[in-house]
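Have the viewer open and follow along.

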Amino acid sequence: MLLDVLLNNFIVNMARPLPPTVSQRRRPPQPARRSQQSPAKSQQSRRRRWSALLDTRQVRLILACAVLLTGLTGLGLRLIKLQLLEGKELATIANSQQTLDLPSFVPRRPVVDSAGAVLAVDESAYILYVHPSMVGKPLDEVSVLLAEALNQPEAEILKKLRSADTGVEIIDGISENTARRVRKLYLDGIDLIEHPQRFYPQNDLFGAIVGYVNGEGQGQAGLELSQEDQLARPGQETRVRRMGDGGIIPTDLPAGFLHQDDLKLELTLDRRIQRATRVALDRQLANFGAQRGTAMVMDAKDGSLLSLVVSPTYDPNRFYDADVELFRNWAVTDLYEPGSTFKPINVAIALESGALKPSDFIYDAGQLVISEHIVQNHDYSYTGGRGAISIPHILQVSSNIGMVGIVRKLAPSSYHGWLEKLGLGKTITTDLPSAPASQLKTLEEFKTSPIEPATASFGQGLSLTPLQLAQLHASLANGGKIVSPHVVKGLVDSNGNYKWTPERPEPRRVFSEETAQTVVEMMETVVTQGSGRTAAIPGYRIGGKTGTAQKAENGIYVAGARITSFVGILPVNDPRYVVIAVVDEPRGENAYGSTVAAPVVKEITQSLVSTLGIQPSQPVAFDPEGNPVALDLEGNPVTAEVDQSGGVWGD
Amino acid sequence: MQLRYIFPWFDPSSLKWSADARVLRWLTLLWLSIGLVVLCTASYVTAAADNADGFYYLKRQFIWAWIGMVLFNLIIHTPIRFIIGMAHWFLISCLGLILLTHVPGLGATVNGATRWLVLGPISLQPSELIKPFLVLQGARIFSQWDRLPWPVRWRWLGTFAVVLGAILTQPNLSTASLCGMLLWLIALAAGLPLKQLGGTAFAGFMLAVLSVSRNEYQWLRITSFLNPWADSQGDGYQLVQSLLAIGSGGVTGTGFGQSQQKMFYLPFQYTDFIFSVFAEEFGLIGGILLLTLLAIYALMGLRVAIKANRDVHQLIAIGVIILLIGQSILNIAVATGSMPTTGLPMPMMSYGGNSILASLVAAGLLIRVARESSDRNVIDPLRQSGKQFGQPTRRRSLSGKR
């Protein structure tokens, strides 16, 4: 309306009559000039102007222009509607198509061993959906093509294709290569949905340690669980602007978006030693039909593990097929009575406390009665009492009575204090998840019932994990310090720089270097002339201790169920590595620490020294058959004969 | 060579023009400048993506605008009688070119329509170029309609029908209907009998219905315009994206260069939908100002038409504003969803040399009419300005044609 008024004024002010014909070329005077004429004339001319408006031509010119002005007015109203009234709504819709919430998923960092071999990595996997109604080909033809591309039975695919019209999931977790083969079929009605999948190239070799992730990419066991913070990349949900062609507008990206870190979680484990450990353990488990076993190699200097195997285990690539029991790394999570393998620790305690001298002799009666409990040596039935024997001898024959004698030199409270100082009754510090607190009788029990310190002297009545046993032996091997057992070295970038290393407690000194070395050398005699001869390797000085214990369940010893173990420390002249094997419930009469566990440790040690290039500390000769034979200081061959017949029960 | 043919925006003679002509010249230059600025922002992203040079389209548009301005100046300094005398030859030439696009192998097909003749680096769109000559010839025929014998009337009505038919069958419904409406409105302004006009309008409408029924894409566009959101990823996509762009602008706009919708959401964002980018960046305020500019232009055109002392001049003036403002209205109406989606460029703004040339030639005609009707000196060669620039001989020879 307003516009029309303006329009009319405009037209009236400028309009002037037109001659009806086209012949007249010159115009009468301009209207601007006429406005200066007298009022009477002006009135007259205004009348003429109004009459001129009736002129067809002029009206029609105005009409044509009015059409345009109406159109422009309409467009103005339309703009007001779109931009003022509906602007916010439209802007919201526009914004939702222009912004993109980048998927919160960022690939997890890979896990590598100390040599850089990949243990876990995120890869693209695909789910194949088919919409049978849109394929446009006979389904049996499609199923033949798919069966070939997927390497799957054709009949099953056909059955799935016939199950629904759309959205049939044919297969999940197919690789990039397979997906490419499917794409090359150029079939209609096919959806390949990409999603990340954790891939474990070593299959079950590191299963119990590395663990697995669930479908949402969250760690569920092992390091995937305990190192979630290190493995999950900063999962920022990023809102970015995107263009109509799908491109991301770079200026809106958060800083550092394209510089996704290349960090990997590096472990201390070594794939070669891990494999050797696994092979040695599995062979012995098979030989003895054992229920389960664990073996590990620890660098005593800092508590880093070079290998850690539990068997049986599972393949994290197919975790959903595995028995949930296997997700537990029982070397870390399960307590057991260490038995005789604990004896060297007690010797170290006695030496360090000053109650015992290395040269002391202890009287071994073969059997003792302590507050109505009969305690005897494992070989009492056929050996009887040994009389006064040296400390190394006690270890060599694994004399329980000798150990009781050693521990009796300490006050029960002092002994208990020592055990606590070593970390018994507490949880060890480790980066492996779910470590429990070890068990130790209370100080009160130690004081009131003499049987408690007595049984503890030969490693019973207290329980710890195989990992903690390794830690305690590491304190002997590293000169007397309690270290934190671990498998994580840190986050390393592609240039080998560590961007993060876990904080670990400072090694805590419990024994003097002299005590530790004395005990290790005593343990060497176990391998050279005692129950541990089955672990001897010509040329290498190895300390060791066997263990064969009756299994206790709910405080009651289970008849015939044994747990055999062996601890090795090498090289004795400069102790560094602790090798432990524990085999649970081996079958057969001849199943002892010396026959079951010690050969495992020997085999592991052999591959350890060859992998790490540890030089023999004694000259080695070869017998006529080409086997290496260690020579003693005089150059005579040292024979390490294994007495397989007698066995060493309770050692 | 006059300076205005080297630097076409520079024409010292304009100081001595009538006020109407000068205002219209400045409005044209303002419109063209706004067009170039908007084209810069609207085409930058696509140009950078397609040609690795964000100013690729702007540079080309600038060259075309330069050429257009030279023609613009040439027309402003050429008596309208002389131009009218040649109009029919240009019209027939353009019609010939339109017919050539129908020759297989000559016409270049883009998006399913064969509208182009490709001559080396230059693409001619004769259906654009013909527009100012349709105005001229329409004005010429309809201004003396009463005095023309029927055979002449039929000859030219037939010619116009062939032009519209040739454009329609390219197919190019939008340009054909624009040209049809242009001729019809000129005829209306000329005072032709309403009965004849009504009959023509009905025939044209039936023709449009026929075209729509034979070209499915035109029907889809018409139906999708009624509710673009029903199929916002399909037939309604272009319109929905345009509405989102305009709506995102709000009252104040996102600011120059800040359009998000031009990032490959809007189709044809530097040609047919350039207004959407403009509206997103300059908002309701910018939109209303642009519409006001167009309204002032239309009113100035009307003022020139009414003041013109010859019928044919009146009709040329009104025809030019119908062409320029009418086409702008159709373009904006498409962008704002007030009309079915058709591919009409925005005069002076959309990328395309043919459109720029046609628009500037048309604007030049309007200004020439404005000069001839109110500037008494314009016909007198001796009163021509520019003595201080020398070269009187050449100027005299130029004005000698008049």
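Ser174(B) sits in helix α6 of chain B, which covers residues 173–190. This is a predicted model, so keep that in mind for everything that follows. Is Ser174(B) buried or exposed? With a relative accessible area of 6%, Ser174(B) falls under the 20% cut-off and is buried. Leave out the neighbours within four places in sequence, and Ser174(B) is in contact with Thr342(B), Gly343(B) and Leu344(B).

Now zoom out to chain B as a whole. Chain B has 13 helices and three strands, and 59% of its 402 residues are buried. Of the contacts in chain B with a separation of 6 or more, 71% are between residues 24 or more positions apart.

The side chains of Lys131(B) and Glu128(B) form a salt bridge, 2.9 Å from N to O. Both partners lie in helix α4 of chain B (residues 126–143), three residues apart, so about one helical turn separates them. Lys131(B) and Glu128(B) are both buried.

Over to chain A, where Asn377(A) is worth a stop. Asn377(A) is in the loop between β12 (373–376) and α16 (380–383) of chain A, and at 2% relative accessibility it counts as buried. What does Asn377(A) touch, not counting residues up to four places away in sequence? The list is Asp364(A), Gly366(A), Arg386(A), Ser399(A), Asn400(A) and Ile401(A). Asn400(A) is 23 residues away from Asn377(A) in sequence, yet their C-alpha atoms are 5.2 Å apart. As for Ile401(A), its backbone nitrogen lies 2.9 Å from a polar atom of the Asn377(A) side chain.

Salt bridges are next, and the structure holds 31 of them over all chains. In chain A, Glu176(A) and Arg183(A) pair at 4.0 Å, N to O; Glu176(A) is partly exposed at 30% relative accessibility, and Arg183(A) is partly exposed at 41%. Glu585(A) and Lys551(A) pair at 2.9 Å, N to O. Glu585(A) is in the loop between β20 (577–584) and α24 (593–612), while Lys551(A) is in strand β18 (residues 543–553), so this pair ties together parts of chain A that are 34 residues apart in sequence. Glu585(A) is partly exposed at 27% relative accessibility, whereas Lys551(A) is buried at 12%.

Finally, look at where the chains meet. In all, 47 residues of chain A are in contact with 59 residues of chain B. The area buried between them is about 4900 Å², with carbon and sulfur atoms giving 68% of it. Arg57(A), Arg60(A) and Gln83(A) supply 15% of the area that chain A buries against chain B, more than any other three residues. How many salt bridges cross this interface? The rule finds zero between chain A and chain B, though it does find 10 residue pairs in polar contact. On the side of chain A that touches chain B, α1 (2–14), α4 (56–85) and α5 (87–98) each supply at least two residues. α4(A) gives the most, with 20 residues. By type, the residues on that side of chain A divide into 26 nonpolar, 10 polar and 11 charged.

Methods: Residues are numbered from 1 along each chain as its sequence is written. Chains are lettered from A and ligands numbered from 1 in the order in which they are written. This is a predicted model: local features need pLDDT of at least 70, side-chain atom pairs count only at pLDDT 80 or more; totals for chains, interfaces and linings use all residues. Side-chain values use heavy atoms; hydrogens and water are left out. Contact means heavy atoms within 4.5 Å. Buried area is the accessible area (1.4 Å probe) that two parts lose on being put together, summed over both. A polar contact is a pair of N or O atoms within 3.5 Å; within protein, one must be able to donate a hydrogen and the other to accept it, and residues adjacent in sequence count only if both atoms are side-chain atoms. Helices (H or I, at least four residues) and strands (E, at least two) are DSSP runs, numbered from the N terminus. Ala, Val, Leu, Ile, Met, Phe, Trp, Tyr, Cys and Pro count as nonpolar, Asp, Glu, Lys and Arg as charged, and the others, Gly among them, as polar. Buried means under 20% relative accessible area, exposed over 50%, partly exposed in between (1.4 Å probe, protein chains only).
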